[in-house]
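These are my notebook entries on one structure. I looked up the charged pairs, then the core, the helices and the overall fold.

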Amino acid sequence: MKLPVIKHLTQFIEENDEDFVIETIETLEALTEVPSLKDEELDVIGELISNMYGAIEVNKMIKEGTPKKEALNSFMKRVLGSIDS
């Protein structure tokens with residue numbers, strides 16, 4: 001996951017609608033079923049999907065009243081903590 005990408009996607013959700021990101025996730029997930037995709041291509045799609053889910057999670061925290069910067073930092077700490085475990 002990349003914080004700048006999640007931050008940009010969070011801004012996109014604020015300016016537009018979360019549904020755009022959800023529909024994009026669904027489209028990308030459908031693409032993963034293409035049998036001719038290479039591992040590297042699947043990795044890129046997976047990275048995009050995880051960043052989009054991260055942005056949705058950050059947006060949820062912001063809606064609950066967490067300041068944007070704090071929500072982003074908290075989310076990334078959680079992600080990094082789960083990777084280290």
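**Entry 1: salt bridges.** The term salt bridge is used here for a side-chain nitrogen of Lys or Arg within 4 Å of a carboxyl oxygen of Asp or Glu. Glu-57 sits in helix α3 and Arg-78 in helix α4, so the pair links distant parts of the chain, 21 residues apart. Glu-57 is partly exposed at a relative accessible area of 26%, and Arg-78 is partly exposed at 43%. For accessibility I used these cut-offs: buried is under 20% relative accessible area, exposed is over 50%, and partly exposed is in between, with a 1.4 Å probe and protein chains only.

How many salt bridges does the structure hold? I count 2 salt bridges in the structure. In the pair Glu-14 and Lys-68, the side chains meet at 3.6 Å, N to O. Glu-14 is partly exposed, at 38% relative accessible area, and Lys-68 counts as partly exposed at 25%.

**Entry 2: the model.** I note that this is a predicted model, in which local features need pLDDT of at least 70 and side-chain atom pairs count only at pLDDT 80 or more, while totals for chains, interfaces and linings use all residues. Residues are numbered from 1 along each chain as its sequence is written, and side-chain values use heavy atoms, with hydrogens and water left out. The chain averages a pLDDT (the predictor's confidence in each residue, from 0 to 100) of 93, and 95% of the residues score at least 70. Confidence is lowest in helix α4 (residues 68-84), at a mean of 85, and highest in helix α2 (residues 18-31), at 98.

**Entry 3: the fold.** I found 4 helices and 0 strands in the chain. Helices (H or I, at least four residues) and strands (E, at least two) are DSSP runs, numbered from the N terminus. The C-alpha atoms fill a box of roughly 45 × 35 × 15 Å along the principal axes. Buried residues make up 27% of the 85 residues in the chain. Among contacts (heavy atoms within 4.5 Å) between residues at least 6 apart in sequence, 66% join residues at least 24 apart.

**Entry 4: the nonpolar core.** Which residues touch the most other members of the largest nonpolar core? Of its 18 residues, I list Ile-6, Val-21, Ile-25, Met-52, Val-58 and Phe-75. Each of α1 (3-15), α2, α3 and α4 supplies at least two residues of this core, and the largest share, 7 residues, comes from α3. A nonpolar core is a set of buried Ala, Val, Leu, Ile, Met, Phe, Trp, Tyr and Cys residues joined through side-chain atoms within 4.5 Å. Leaving aside neighbours within four places in sequence, Phe-75 is in contact with Met-1, Ile-6, Gly-54, Glu-57, Val-58 and Met-61.

**Entry 5: helix α3.** I checked the span of α3: its 25 residues reach 36 Å from first C-alpha to last, close to the 36 Å expected at 1.5 Å a residue. The expected span is 1.5 Å times one less than the number of residues in the helix. The buried residues of α3 include Ile-45, Ser-50, Asn-51 and Asn-59. Asn-59 has a relative accessible area of 5%; beyond its neighbours within four places in sequence, Asn-59 is in contact with Ile-13, Glu-14 and Glu-18. Just after α3, Gly-65 takes a positive phi of about 110°.

**Entry 6: the aromatic pair.** I found 1 aromatic pair in the structure. Phe-12 and Phe-20 form this edge-to-face pair, 6.2 Å centre to centre with 70° between the planes. Rings of Phe, Tyr and Trp (its six-membered ring) pair if their centres lie within 6.5 Å; planes under 30 degrees apart count as stacked, over 60 as edge-to-face and the rest as tilted. Phe-12 counts as partly exposed at 33% relative accessibility, as does Phe-20 at 46%.
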